[in-house]
Amino acid sequence: MDAAENWPVADGDVLHFPQRPSSIRVVGAVAAACELPLVPLRDARDYLDDCKPSGVADADWIFVIQPDGRIAKQGVARWNRGQPMPLAPGAMIYVPLRESGLHAVSRDLNQELAAYLATQPLGETEGH
Amino acid sequence: MGTRTRRPSAAATAPRRRIRLRCGCLLPLVGGLLMPVAHADNAPSQSDFGGAGLWQTPSARMADDGEAALTASHVEPYDRYNVSLQPLPWLEGIFRYTAVSNRMYGPQSLSGNQSYKDKSIDVKLRLWTESHYLPDFSVGARDIGGTGLFSGEYVVMNKRFGAFDASLGMGWGYVGGRGDIKNPLSVISDKFDLRPGGQSGTGKFSSNRYFRGPAAVFGGVSYQTPWHWLVLKAEYDGNNYRHEPKNNNQRQDSPFNFGAVFRPNRNVDLSVALERGNTVMFGLTLHTNLARSAGPAKLLDPAAPKRNALSASATPEQVDWASVARTLRDNAGIQVSSITRRGSELIVKGEQKDYFYSAKGVGRAARVLDNALGPGIDWFTVVSQQQGLSATETSINRQRFGQLLEHDISLRDFRQSVEQNAPASRREELLYRGPLKRVDQSFALAYAQNLGGPDAFLLYQIAAVYSIDFYFTRNVWWSGLASVDLFDNYDKFKYDAPSELPRVRTDVRKYITSSTVTMPIFQLTGTRQLGQDLYGMAYGGMLESMFGGVGGEVLYRPFGERWAIGSNINWVKQRGYDQDFSFRSYKVVTGHVTGYFNLGYKDVLVALSAGRYLAGDWGATLDVSREFRNGVRMGAYATKTNVSAQQFGEGSFDKGIYVSIPFDLILPRSTRTRATFVWDPLIRDGGAMLNRRYSLYSITDDRDLDNFNGNLEKIVE
């Protein structure tokens, strides 16, 4: 454990020990949010085959939110396809809204939503 | 030779002691290039001409910013050695030596059997970034205003389709040498029909040729195979080799060039291709991303002081300050000039001698003071000084710093307990005054070289250099530099460039070959803080290897602002070739007004100087550079004066590119020294600046708060 990451506990803190999930979730601009079984080493964008993006989804990018809170943007179109990104148990894929439609409203909406999702404790929505 | 060119900006003029190598120092850079980088980052393979591209043709692609590459390629009859730099995500710069192996450089008596050499600088700009439907779109020029042998311009776009990256472009000049289509720009004006000057090979007529003359289409595809170490590339060449310079046309059996790039690791690419349908090309590229280098672990630094388990109880009056000052020098790198107290704040003033990252020095100073002092002191302040001038004071809260070291608070929380201010004189209680260190001397071996001249491809010199600064006060000192030539091959150095101007720089050969023992510097310098934000400096003596005289500089650099303005004026006389105390008859008043603007965009610094140059010519120098967070700086400069391109001679105007690398990124010990590599094609008399030993902008470098704030995490190291 890195000492710098080892914070002292303060009054009112709650320790949350999630069960190790065996699934990943796809949320955002999808027909319906999905919870899919984790397939080790499966590339993040391949999960979209099992959870179809909706008509307002961005065609180029997805956000990959790993359970430790790290966020990565992955190219999913032919012009920007990057290295494969395997997921960890409990990871989340946020399918962003189409950027072009957002410019007038809130430029950074997708970025901010992904950042918000990354702050959510693991297993929260599954109930415990 | 190291002292001959000096950039006007803070960039290359160098704070601190600095090793400067001139002209295509290919080998030393390799050391920096082999630093390990563990990133799956974007570094497209290079063309034969350096820079992202296919074989003969460029692509619209850019590497990640910070990328630096050395590419050597051989395709009969050309050998090309390219240095490519990517200072910004949308800007690529290349310096190139081309050797034409079947043409002689000059008469046998001068050049022996040396093949013809050509030097050039390229620029490529990305105007549009690829998106779902639109391609990357870039515009570029090869050999901007150089000798013009291979000069050409192009526009090119790239679109990726999965593993395939397709490019399509149009070239003018050498890039579009086939010239089989009428210049589409002729719609605008008839003058685009003809490319003037042709291949005169002298650069005298190379202005206003951009995008003129007939054009040709080029393009191709790069395929990333499933094996990451193998890339296949094929292209349709824009050149038919029927208008090669130096009457050197080549047979072309096919306009299609194709081959493979092998990428065994992040730093090495090997290429082999078949070009012109009949000639094999071999290429080698060494590359790395300098901006991402963090440098090796600092194993040779003293360990940071352990925090005392029992807190000390000494009051500031009881502390043995002489001993603390010694520890501050040894462990925090600070040569202390004074230690004072203001209420509950303890202030250390001095010069940082060791740590490139000022946060590291401040953190260590705080640890030393924390161990020495009892309660009652809540803030530690370090005032950074150089050459008797104070730039910035940095204060940190003692209690919060302790919490940071114990990992009780995050760096982000700690940041709120750090203050930076302009040093101001206030009532302070003096606790300790450090003795003046009168003599600062060093001895070094210096290597200087000149690549690509007509005498020999490599002219080199190894000299022993002794440097001494004697301080009369903290603000007044004398500097001396003596150099003894140990080895060189200057017996081959016979060529003096022609000049239509006073020979202020082109006599370089005489300066470096006339005497074995030289005295490049013998000068007295004084500095003065004229106001909180106003600095002054005056100097006199032998100011550089070719000029001596008197001069002065003032700089207004408001604290917390991203701009500064300064001015210098000098009355100088040309020195004797032996670099002793003698003078020649030429004298001139030279000086510049310089504005420095840190754009706040990716730490880009623009320095614009206007004034009178050594040959008496009037003009301006623009120097644009970017400093990455780790201190690596990449930049370019150009000077244009009221000398016509014809009078200026080969090259049309003075220009160059440079990269400056902190040795801290290479050595296992902290150091403030830098290696600066400058690639400027030619030494000419027009647009030559006096090479001043000190510049106020560099001395007050700590006014740039980005180094501290961008590397605040080093405060705990």
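Student: Which residues does Gly541(B) touch, not counting those up to four places away in sequence?
Tutor: Gly541(B) touches Phe522(B), Gln523(B), Leu524(B) and Gly548(B). Keep in mind that this is a predicted model.

Student: OK. Where is the place of Gly541(B)?
Tutor: Gly541(B) belongs to strand 24 of chain B, residues 534-542.

Student: And how does Gly541(B) count, going by C-beta neighbours inside 10 Å?
Tutor: Gly541(B) has 17 of those neighbours, so it counts as partly exposed. Buried would need 20 or more, and exposed 12 or fewer.

Student: What separates the C-alpha atoms of Gly541(B) and Trp563(B)?
Tutor: There are 31 Å between those two C-alpha atoms, with the residues 22 apart along the chain.

Student: Let's zoom out. How many helices and strands are there in chain B?
Tutor: Chain B has eleven helices and 32 strands. Its radius of gyration is 28 Å, close to the 27 Å from the globule rule for 717 residues, so chain B is as compact as a globular protein of that length. Along the principal axes, the C-alpha trace spans about 90 × 65 × 50 Å.

Student: What share of chain B counts as buried?
Tutor: That's 48% of the 717 residues. As for contacts in chain B with a separation of 6 or more, 60% come from residues 24 or more positions apart.

Student: Which domains does the assignment give for chain B?
Tutor: Domain 1 is 48-292, domain 2 is 321-436 + 707-716, and domain 3 is 447-700.

Student: How many residues of domain 1 of chain B are in contact with domain 3?
Tutor: 28 residues of domain 1 are in contact with 28 residues of domain 3. On the domain 1 side, strand 3 (78-88), strand 4 (91-104), helix 3 (108-111) and strand 5 (115-128) of chain B each supply at least two residues. That side divides into twelve nonpolar, 13 polar and three charged residues. The C-alpha centres of these two domains lie 32 Å apart.

Student: Switching to the open sheet of six strands in chain B, what order does it have?
Tutor: The order is 18-17-16-15-14-19, with mixed pairing. Strand 18 (418-421) and strand 19 (429-433) of chain B are at the edges with a single partner strand each, so one side of each has no neighbour in the sheet. From one strand to the next, the twist averages 20°.

Student: How many bridges join strand 14 to strand 19 of chain B?
Tutor: Four, and the two strands run antiparallel; strand 14 covers residues 334-342. Arg341(B) stands opposite Glu429(B) of strand 19 of chain B.

Student: Which strands does helix 5 of chain B touch?
Tutor: Helix 5 (residues 358-372) packs on the sheet and touches strand 14, strand 15 (345-352), strand 16 (379-386) and strand 17 (389-397) of chain B. Its direction makes about 135° with that of strand 16. Helix 6 (residues 398-405) of chain B lies across strand 16 and strand 17, at about 70° to strand 17.

Student: Now the hairpins. In which sense do strand 27 and strand 28 of chain B pair?
Tutor: Antiparallel, over eight bridges, with strand 27 at residues 583-598 and strand 28 at residues 604-612. His592(B) has Gly611(B) as its bridge partner in strand 28 of chain B. Five residues sit between the strands of that hairpin, and Gly600(B) takes a positive phi near 75° there.

Student: And how many bridges do strand 28 and strand 29 of chain B pair over?
Tutor: Nine, again in the antiparallel sense, with strand 29 at residues 618-627. Ser609(B) stands opposite Thr621(B) in strand 29 of chain B. This hairpin has five residues between the strands, and Gly616(B) takes a positive phi near 85°.

Student: What about Asn247(B), what's its phi?
Tutor: Near 50°, a positive value in a residue other than glycine. Asn247(B) is in the loop between strand 10 (230-236) and strand 11 (256-265) of chain B.

Student: Is Asn247(B) buried or exposed?
Tutor: Exposed, because Asn247(B) has 7 C-beta neighbours inside 10 Å. Gln579(B) also has a positive phi, near 55°, but Gln579(B) is buried, with 25 other C-beta atoms within 10 Å.

Student: Last one: what kind of peptide bond joins Glu76(B) and Pro77(B)?
Tutor: A cis one, with omega about -5°. Pro77(B) is in the loop between strand 2 (67-75) and strand 3 of chain B.

Key:
Residues are numbered from 1 along each chain as its sequence is written. Chains are lettered from A and ligands numbered from 1 in the order in which they are written. This is a predicted model: local features need pLDDT of at least 70, side-chain atom pairs count only at pLDDT 80 or more; totals for chains, interfaces and linings use all residues. Two strands pair if DSSP finds at least two bridges between them. Axes are lines fitted to C-alpha atoms, for helices over the stretch in contact, and angles run from 0 to 180 degrees between N-to-C directions. Two residues are in contact if their C-beta atoms, placed from the backbone, lie within 7 Å. Domain bounds come from an automatic or database domain assignment. Ala, Val, Leu, Ile, Met, Phe, Trp, Tyr, Cys and Pro count as nonpolar, Asp, Glu, Lys and Arg as charged, and the others, Gly among them, as polar. The radius of gyration is taken over C-alpha atoms; the globule rule is 2.2 Å times the number of residues to the power 0.38.
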